[in-house]
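Subject: Structure handover

Hello,

Here is the structure for you to look at. My notes follow below it.

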Amino acid sequence: MKINTRHIFVPLLFACMVAMLSGCSTLKHSVKNKKKGKAKTEKIDKHRRHEIEKNLHGDVKLIIDEALEWMGTPYEFGRQDKGEATDCSGFVMRVFEKAGYKLPRNSAKQAEFCSPVKKSGVKAGDLVFFITNGGTKINHVGLMIDDDQFIHASTKGVVISSMSSNYYSTHFQLYGRVPGLK
């Protein structure tokens with residue numbers, strides 16, 4: 001019996017390509033540590049971190065410091081584990097938890113929990129909310145690190161983005177301040 005290697009090779013090649021491509025976005029932002037099985041996250045540049053933190057104080061500094069420690073953590077819906085995987089609301093909830101603030105688990109509930117803030121009053125530590133799925137309900141949250149940039153768990157992992165980008169400016173819904181934030 002003669003085996004046609006083409007019938008084996010083509011599906012095998014296709015399966016390998018799918019496996020490689022499905023991991024691309026995660027591999028850019030994390031490297032698996034084979035000993036512990038945990039992701040090793042990228043760190044933010046020291047100069048950029050200093051620029052972000054230079055005018056921060058109190059709980060806001062603590063919150064932003066913690067958020068920056070999550071940089072590069074891969075995205076996974078329903079997770080909230082620094083350096084391993086997180087989604088947007090889990091990231092925000094855990095960052096604020098580190099400073100002693102208890103927030104709801106999902107982004108829509110976090111938006112309801114916050115006091116609205118006008119664009120002119122936005123500052124580091126405020127939250128920013130979006131509708132990114134074409135629906136009518138808030139489904140994404142980020143943490144402002146200044147009056148334009150925010151840190152959030154995107155599908156590319158925990159990254160810093162700008163409100164002036166076309167994507168985020170068109171999906172923006174509101175800014176909010178966590179009650180009692182000092």
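Phe 96 is buried, and Tyr 101 is buried too; buried means under 20% relative accessible area, exposed over 50%, and partly exposed in between, with a 1.4 Å probe and protein chains only. Before the rest, the ground rules. This is a predicted model, in which local features need pLDDT of at least 70 and side-chain atom pairs count only at pLDDT 80 or more, while totals for chains, interfaces and linings use all residues. Residues are numbered from 1 along each chain as its sequence is written, and side-chain values use heavy atoms, with hydrogens and water left out.

Aromatic pairs. The structure holds 7 of them. Rings of Phe, Tyr and Trp (its six-membered ring) pair if their centres lie within 6.5 Å; planes under 30 degrees apart count as stacked, over 60 as edge-to-face and the rest as tilted. Phe 96 and Tyr 101 have ring centres 6.2 Å apart and planes at 85°, so they pair edge-to-face. Phe 172 and Tyr 175 make a tilted pair, with 4.7 Å between centres and 45° between planes. Phe 172 is partly exposed at 28% relative accessible area. Tyr 175 is buried at 3%. One aromatic cluster takes in Phe 130, Phe 150, Tyr 167 and Tyr 168.

Helix α5. Helices here are DSSP runs (H or I, at least four residues), numbered from the N terminus. α5 spans residues 88–98 and is mostly covered, with 8 of its 11 residues buried. Among the buried ones are Phe 91, Val 95 and Phe 96. Just after α5, Gly 100 has a positive phi of about 90°.

Packing of α4 on α5. The axis of α4 (residues 58–69) comes within 8 Å of the α5 axis, and the two cross at roughly 130°. Axes are lines fitted to C-alpha atoms, over the stretch in contact for helices, and angles run from 0 to 180 degrees between N-to-C directions. From α4, Leu 62, Ile 63, Glu 66 and Ala 67 meet Phe 91, Val 95, Phe 96 and Lys 98 of α5; contact means heavy atoms within 4.5 Å.

Helix α6. Lys 109 lies in α6 (residues 107–113). Its relative accessibility is 44%, so Lys 109 counts as partly exposed. Lys 109 and Asn 139 are 30 residues apart in sequence, with 9.7 Å from C-alpha to C-alpha.

Best wishes
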